[in-house]
Amino acid sequence: MDESRPIFVQIAEQIKNDILAGRMAEESQVPSTNEFAAFYRINPATALKGVGRLVEEGILYKKRGIGMFVAPGARQRLITQRREQFQAEYLRPLLAEASKLGISSQQLAEMIAKEGVR
Amino acid sequence: MTGTPVIQVDGLTKRFGQVTAVNNVTLSVTENKIYGLLGRNGAGKTTLMQLLTGQEFATSGSIRVWGEHPVENAHVLSRVSFIKESQKYPDDFKVKHVFRSAPWFFAGWDADFAARLIEDFRVPLDRRVKKLSRGQLSAIGVIAGLASRAPITFFDEPYLGLDAVARQTFYDRLLADYAEYPRTVILSTHLIDEVSALLEHVLVIDEGRILIDEDAETLRGSATTIVGARAAVDGFVADRDVLHRSGLGGLSTVTVTGLSESDRAAAAAAGLELAPVSLQQLVVDRTSGIPTELEQSA
């Protein structure tokens, strides 16, 4: 865990990444908060807060007495969400760095083409 | 989130002659949370815990544990476990005697759990306590603190001399057992980076006063270090709560609290770099007393 950001945010991100990458399938059960707490060595209340945030976002849902499950359609919703964040989190820092280094937008376009978007 | 308070302290002060070890402390401890009591040597951590467990008399102020006065109150103290850095044992005691006598003091003692911990920490049962190494002595304290399963458990610097493996074992067993048997834990420590993820609430004490009384997650990421050209940094932090300040040539590094999203955007637009501050660094900045000196000389 990165010590400089709220851990519950990081737990929520980790679960989202697992869903995006297909490591946690929709309708599959996710580990309990105590299992998360033991695995990441964090306070169980913090793990609960991370999982709770995903329930609020509709990414996970609770089956009473059984546990937490990945919601149907969660992966597609996460992809949409991440695409919206892409500009702020990747594109703008990239452009700021390019401008610091005097890379023109045409040079940048060439570099991207050379790397090749899969 | 609020819960049931198990400890309530109001205007608590303890003086030893000219020294004020605990100075007008008011705080409340909520049931079944893990607290970190952080601070420098001599900040008042141990004195505060001694007061809360009825081992010292307050000079002034009030302490209520489950609504009762803790001093000489068996009803309260039988449900409180206090693991001290310098626990004393009878001279002829062997390790096994410590664990054999523990159930007399702790109503919730779990002998099976204690036996598993004794194996985990590789404590030699037949050795005399006074022949133990510092680390083994600490291990006995840790085992007693965990296996007592007291509804309120204090650990005062419990890991002195414990190696990294044993400390990790302590953190893992504490978390696992706490998850199964929730209870209030107050852990005083210098090793902030090591334990910070275990904590739900943080108390920082300095010169006998409580400087920080805050949810651990709220604190994480609450401070930011700003790096950039001196003039730009100084302009940006002008009206802010500065925790730490240093510089190198025309470059300035300043740590501040409470940046909003729009503050961050403004700083980035001004060409300033932002870096988050860990809990340990935050505590160091708040208790080192350096920022004020530097601000005066700046």
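# Two chains joined by one salt bridge

Between chain B and chain A the count is one salt bridge, a salt bridge being a side-chain nitrogen of Lys or Arg within 4 Å of a carboxyl oxygen of Asp or Glu. This is a predicted model, in which local features need pLDDT of at least 70 and side-chain atom pairs count only at pLDDT 80 or more, while totals for chains, interfaces and linings use all residues. Residues are numbered from 1 along each chain as its sequence is written, chains are lettered from A and ligands numbered from 1 in the order in which they are written, and side-chain values use heavy atoms, with hydrogens and water left out.

**Where chain B meets chain A**

- The salt bridge between the chains is formed by the side chains of Arg41(A) and Asp172(B), with a distance of 2.7 Å from N to O.
- Contact, meaning heavy atoms within 4.5 Å, involves 21 residues of chain B and 16 residues of chain A.
- The two chains bury about 1500 Å² between them, with 53% of it on carbon and sulfur atoms; buried area is the accessible area (1.4 Å probe) that two parts lose on being put together, summed over both.
- Within chain B, the residues that lose the most area to chain A are Ala197(B), Glu217(B) and Arg220(B), which together make up 36% of what that side buries.
- Five residue pairs, both residues at pLDDT 80 or more, are in polar contact across this interface; a polar contact is a pair of N or O atoms within 3.5 Å, where within protein one must be able to donate a hydrogen and the other to accept it, and residues adjacent in sequence count only if both atoms are side-chain atoms.
- On the side of chain B that touches chain A, helix H6 (164-180) and strand E13 (273-276) of chain B each supply at least two residues, and H6(B) provides the largest share with five residues. Helices (H or I, at least four residues) and strands (E, at least two) are DSSP runs, numbered from the N terminus.

**The two domains of chain A**

- Chain A is assigned a domain 1 (7-73) and a domain 2 (75-115), with bounds that come from an automatic or database domain assignment.
- The C-alpha centres of these two domains of chain A lie 29 Å apart, and their contact takes 12 residues from domain 1 and seven residues from domain 2.
- The area buried between domain 1 and domain 2 of chain A is about 860 Å², of which carbon and sulfur atoms give 48%, and on the domain 1 side Lys16(A), Leu20(A) and Gly73(A) lose the most area, together 54% of what that side buries.
- Between these domains of chain A the count is zero salt bridges, whereas eight residue pairs, both at pLDDT 80 or more, are in polar contact.

**The two domains of chain B**

- Chain B is assigned a domain 1 (5-217) and a domain 2 (223-297), whose centres, taken over C-alpha atoms, are separated by 35 Å.
- Domain 1 and domain 2 of chain B bury about 850 Å² between them, 66% of it on carbon and sulfur atoms, and in domain 1 the residues Ile192(B), Asp193(B) and Ile212(B) lose the most area to domain 2, together 43% of what that side buries.
- Zero salt bridges are found across this domain interface of chain B, but three residue pairs, both at pLDDT 80 or more, are in polar contact.

**A sheet in chain B and the helix on it**

- Six strands of chain B form an open sheet in the order E5-E6-E7-E3-E8-E9, with mixed pairing; two strands pair if DSSP finds at least two bridges between them.
- Strand E5 (80-83) and strand E9 (209-215) of chain B stand at the edges with a single partner strand each, so one side of each is left without a neighbour in the sheet.
- E5(B) runs parallel to strand E6 (residues 152-156) of chain B, to which four bridges join it, and the bridge partner of Ser81(B) in E6(B) is Thr153(B).
- Helix H1 (residues 45-52) of chain B packs on the sheet, and its direction makes about 155° with that of E6(B); axes are lines fitted to C-alpha atoms, for helices over the stretch in contact, and angles run from 0 to 180 degrees between N-to-C directions.

**Salt bridges in the whole structure**

- Over all chains, a search of the whole structure finds 16 salt bridges.
- One of them joins Glu157(B) and Lys45(B), whose closest N and O atoms are 3.8 Å apart, and this pair links distant parts of the chain, with Glu157(B) in the loop between E6 and H6 of chain B and Lys45(B) in helix H1 of chain B, 112 residues apart.
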